[in-house]
Every structure is written in structure tokens, then in C-alpha cells.
Amino acid sequence: MSLDGNVLIENIRMLCKQRKVSISKLESDLFLSPGLISRWNKSIPALDKIMTIAEYFGVSIDDLVGRPESNLNHTNIECLLVLLYNRSMIAEIDWDILNFQNPPEELARIKPTELFENGSCTCFAAGYKEGFFLLAAAYSGNDDLLLKLFTLPDLHSRPECVCGDTDMLRQLYKYLDRRFSRRINSLKSDGFINAFIKDTSLTGNESLPEEDRKITPLRAPGDASNF
């Protein structure tokens, strides 16, 4: 992909606006020279600087340097988000949490890394005709909430991001987050427990003799204080 400095600057400005971060604060946070980003329309920045900004916003490098590929204009996106929100509120659209560990058959091919690079996200799915809407949420390195809305037109397609963070998308996310908060926490807890059980680096259980893997019972209630 050839890099267009003007496109890069425009994408950075859009992300700053969505996250309510000024260009100057972005430059300060990343220890860039003041006004450096605005000069990238004349000189292409080094790859490490592009990677740093992509990590800051929690987006891929392609998202940061590429031109938007969607044919939807701003008005259509706003209309889509309003309809999704309103129809969700009156239960015309049925959302559910996408559990990547045990997904429904129709969404088994979807991997979290297709939604966010690090693969760590919460995803809600709503079926429509032969496809799905996917609302994915993740946190950036500086704990900013990042949202993306994807479409999956049919089961033979791959998720396509049609918009990033907007006020209306945040309203929809807040509604779904409140509605499914207990299940989201339960899924995270299950994943946390499973990771602990599978983590042999803590004790090296795989290399221990069978007799050493057994838990030694307490001899008296008072023995618990020794742990």
C-alpha cells in the first residue's frame, strides 16, 4: 500500500476527534515534536511512528494509512446507527453476546483478531436476513474505549468495518453493555479461570511427578493460618 501523507493526517484528525484528543496532546503523549504530524503531508514519517500512533488509538496500520473503502456516505451511516439503536430499544433487533470460545455455528469462522488486532474485545451480534451486524468494543493502551461496527452480509463474507466511534454508536453500546453486563462479566471470569488452569508456567505441573500434583490435605483447621 502506498502511503499518502494527506490521507494519514486526515485519518489521525478523525481519530483525535472521535476520541476527543487534540493533535497537540497526541504529539505530547507520544513525545513527538510539536507540529510534526501536520508536516507529514510533505515528508512521509518513519514506520515506527505510524505503528506508535496506531497502537495509541487501537487501530491497525491499514486503518490508519488507508482510504475508507466503504461506499456508504456520512448520512447513510448516521441513518444506519439511528435505526439500529431505535429498533434495538423496541426489540425489533435481537442482539446477543458473541462468545468466541463457544460461538454459534453461523459465526464460528469469525476470529477476534479480525475485529481488533490484539484480539481482546467484547462483541455483540445481531442477525439480519442472511447476515449479521457486529458491534465490537475494546480498550486502548491508555484505557480509552474503542468501538467498531462491522457488517457481515452473509456467511461467506468477512466482517467489514463500516464505522468507528460515534456518539450514536456509543449510545447503542451503553445500552447493550447494561443489558448484558452480568453475562459479559461471567464470560470474562470463565476465560480468566480457564487461562489460570491451563497456565503451567506458574508451577510447571507438566514436569511434576503425579504424586506431587496432589493437594496435601490440612491436618487441622488451624493449619490454614500457615498459608
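**Close-ups of a predicted model**

**View 1. The S2–S3 hairpin.** S2 and S3 make a hairpin with two residues between them, and Lys-129 in the turn has a positive phi of about 55°. Strands here are DSSP E runs of at least two residues and helices are H or I runs of at least four, numbered from the N terminus. This is a predicted model, so to speak: local features need pLDDT of at least 70, side-chain atom pairs count only at pLDDT 80 or more, and totals for chains, interfaces and linings use all residues. Residues are numbered from 1 along each chain as its sequence is written, and side-chain values use heavy atoms, with hydrogens and water left out.

**View 2. S2 and its two partners.** Strands count as paired if DSSP finds at least two bridges between them. S2 joins strand S3 (residues 131-139) through seven bridges, running antiparallel, and Phe-124 stands opposite Leu-135 in S3. Strand S1 (residues 95-97) also pairs with S2 in the antiparallel sense, over three bridges; here Trp-95 faces Ala-126 in S2.

View 3. Of its 26 lining residues, Phe-100, Cys-121, Thr-122, Leu-187 and Lys-188 are the closest to the centre. A pocket is an open set of points on a 1 Å grid over the protein atoms alone, where a 1.4 Å probe fits, with protein on both sides within 12 Å along at least five of seven lines; lining residues have an atom within 4 Å of a point. S2, S3, helix H6 (167-179) and helix H7 (181-198) each supply at least two lining residues, and H7 gives the largest share, eight.

**View 4. Aromatic rings.** Rings of Phe, Tyr and Trp (its six-membered ring) pair if their centres lie within 6.5 Å, and planes over 60 degrees apart count as edge-to-face. By this rule there are four aromatic pairs. Tyr-56 and Phe-57 have ring centres 5.1 Å apart and planes at 85°, so the pair is edge-to-face. Tyr-56 counts as buried at 11% relative accessibility, and Phe-57 does at 1%. Elsewhere, Phe-124, Tyr-173 and Phe-180 form one aromatic cluster.

Key:
Rings of Phe, Tyr and Trp (its six-membered ring) pair if their centres lie within 6.5 Å; planes under 30 degrees apart count as stacked, over 60 as edge-to-face and the rest as tilted. Buried means under 20% relative accessible area, exposed over 50%, partly exposed in between (1.4 Å probe, protein chains only).
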